Amino acid sequence: MIIKIVAENGLVGYGETSARYKADTFRMFENIFKGASPWESTRLINRIKHWNYYPWQKPEPLMAGLEIACLDLVGKATGEPLHRILGGKIHNEVPVASYLFYRHANAEGYGKIHSVEDVVDFAKAQVSDYGFSALKLKGGYFPPETDRDTLYALRETFGRDMRLRLDPQGCWTPVTAIRIGRQLDAIDLEYYEDPCWNAAAMAQVRKSVTTPLATNMCVTQFEEFHPATQLGAVDVVLSDIWYWGGVRATMAADRMCHATGIDLGMHSSAELGVAWAAMIHVASAMPHMKLAIDCMNLHLADDIIVGGKIVPRNGVVTPPDGPGLGIEIDEEKLAKYGALATSGAANDRYLNPNLADSARPGWSPHSPAW
C-alpha cells in the first residue's frame, strides 16, 4: 500500500505499509492530516494509536506508513535526507543479510528450491552477486530435519565466519524446537528466530539451548517487551517500522533494547523501494544496531522506484543521500502495478485464504506443524 501526501507548496511525501490495509482505512484519517504540518507527525499519528485499541485492526502499520510520508515531506522541504532528520548516520554502511526461501518454480519453471542442495546453490549465487556475510533460512515448510541439514550444509559450504540464522516461523512445538536447537548449537548460529509461537514457549526453548533466540513474533510492540524479557524469552529483538508504529518508535526500541542488554536486528516483509529506503535510513541512524538487517526486496520481480532496486554491494547498503527518502517514484510502474493489484489477478495466499498453496491442492496451513 503506497501512501501519497501532497503539501500546499506542491511537495509530495511517500509512505508505504502492508497491502492488508486498504485505501478506505486511510481515508478515515484524511481530515486529521488536511491543513496540518508534516512537522507535527508525532501528534498526527498518535491520533491513530487509540482509534482501534482492540485487535480488530492494529493501528501501528497505519501510523508508520503515514509518518514515513510526513518525514519524506520534511526532508524534501529542508533538502535533507531522512537519516539527518533522525540525528545523522551512525553507520555509513548498513550490513544486509540474505533471505533463503524454499519455493516452488515460477510459471516458466524457474526458481524451484525444494532441497538442501537447492538452498546451498541459491546461497552461493546470492553471496557471489551481493557479497553477503549473513544468511537467513526461512524454515518451517519441510520437516525440521530438512532445516537442520540445510544449516549444516551451509556451515560446511561457507565456513565458520559466515553468520547463519534460522527462522522456523513459529511452526514448531517447544519439544521439537529444543531437539533441533540442541543439534544446531554445534554449528554456532548467529541466532535462532521464533522456532515457537508466544513468549512462554520461547522461554522454555531458551532455557534448553545455547544459541541466542531472536523474535519478530512475540515482541512486536512496546506492550509486549517487558513481559517477554521478564520471562527470559529472547536475546535479539528484530525491530520493524510497521510493527512498532513508525520510524521514531523504532528508534526508541533501539534505545530500550540497549538499556535492557538485548541485541537488535531489523525484520523485513516484502517491502517495495519506498519502505526499503526508509528501513535503510532508520538502520543507519540507530546507534545500537549491530546485526545485519533483513532484506526481502531482492526477491521481488520488480520495484516502483526510478533506477531500480537499492541492492547490496559487498553485503552492505548505504542510505540514499537525496532529500527525504532519497528515492523517486516511477509513475508508470506505480500505475501498472496499482492496476494489477486492484484487478485481483495478483492475489496470493497472504490476501486470499482460498489460495493456500496452489502446488498442494487441498492443503491448508496449521501451526505448530511439527
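Biologist: How do α3 and α4 cross?

Modeller: This is a predicted model, and in it the axes of helix α3, residues 41-49, and helix α4, residues 60-78, come within 9 Å and cross at roughly 165°. Angles over 145 degrees count as roughly antiparallel, so α3 is roughly antiparallel to α4. The crossing of these two helices, α3 and α4, is right-handed.

Biologist: And which residues of α3 and α4 meet there?

Modeller: From α3 there are Ser41, Leu44, Ile45, Asn46, Ile48 and Lys49, and they meet Glu60, Leu62, Met63, Leu66, Glu67, Cys70 and Leu71 of α4. By class, the residues of this contact between α3 and α4 divide into eight nonpolar, two polar and three charged.

Biologist: What about α6 and α7, at what angle do they pack?

Modeller: Helix α6, residues 116-130, packs against helix α7, residues 144-158, at an angle of about 40°, and their axes are 9 Å apart. The two helices, α6 and α7, are therefore oblique to each other, and α6 passes α7 in a right-handed crossing.

Biologist: Which side chains make that contact, and how many are nonpolar, polar or charged?

Modeller: On the α6 side the contact is made by Val116, Val119, Val120, Ala123, Lys124 and Val127, and on the α7 side by Thr146, Asp149, Thr150, Ala153, Leu154, Thr157 and Phe158. The contact of α6 with α7 has eight nonpolar, three polar and two charged residues.

Biologist: Moving on to the largest nonpolar core, which residues touch the most other members?

Modeller: That core has 84 residues, and Leu151, Tyr192, Val237, Ile241 and Trp276 touch the most other members. Helix α13, residues 273-285, gives the most to this core, with 10 residues. Apart from it lies another core, of 16 residues, including Tyr21, Phe29, Ile32 and Ile45.

Biologist: What does Ile241 touch?

Modeller: Leaving out residues up to four places away in sequence, Ile241 touches Ala64, Ile68, Gly246, Val247, Thr250, Ala278, Met279 and Val282.

Biologist: New topic: which residues does the cis peptide bond join?

Modeller: The cis peptide bond joins Ser367 and Pro368, with omega about 0°. Pro368 lies in the segment after α14, which spans 331-343, and with a relative accessible area of 43% Pro368 is partly exposed.

Biologist: And what does Pro368 touch?

Modeller: Not counting residues up to four places away in sequence, Pro368 touches Cys171, Trp172 and Thr173.

Biologist: Where is Asp188, and is it buried or exposed?

Modeller: Asp188 lies in the loop between α8 (174-184) and β6 (191-193), and Asp188 is exposed, with a relative accessible area of 56%. Phi of Asp188 is near 60°, a positive value in a residue other than glycine.

Biologist: Last one, why does Ala259 count as exposed?

Modeller: Ala259, which has its place in helix α12, residues 247-260, counts as exposed because its relative accessibility is 67% and the cut-off for exposed is over 50%. Ala259 and Lys290 are 31 residues apart in sequence and 15 Å apart in space, C-alpha to C-alpha.

Key:
Residues are numbered from 1 along each chain as its sequence is written. This is a predicted model: local features need pLDDT of at least 70, side-chain atom pairs count only at pLDDT 80 or more; totals for chains, interfaces and linings use all residues. Side-chain values use heavy atoms; hydrogens and water are left out. Axes are lines fitted to C-alpha atoms, for helices over the stretch in contact, and angles run from 0 to 180 degrees between N-to-C directions. Helices (H or I, at least four residues) and strands (E, at least two) are DSSP runs, numbered from the N terminus. Angles under 35 degrees count as roughly parallel, over 145 as roughly antiparallel, 65 to 115 as roughly perpendicular and the rest as oblique. A crossing is left-handed if the near helix is turned anticlockwise from the far one by less than a right angle, and right-handed if clockwise. Contact means heavy atoms within 4.5 Å. Ala, Val, Leu, Ile, Met, Phe, Trp, Tyr, Cys and Pro count as nonpolar, Asp, Glu, Lys and Arg as charged, and the others, Gly among them, as polar. A nonpolar core is a set of buried Ala, Val, Leu, Ile, Met, Phe, Trp, Tyr and Cys residues joined through side-chain atoms within 4.5 Å. Buried means under 20% relative accessible area, exposed over 50%, partly exposed in between (1.4 Å probe, protein chains only).
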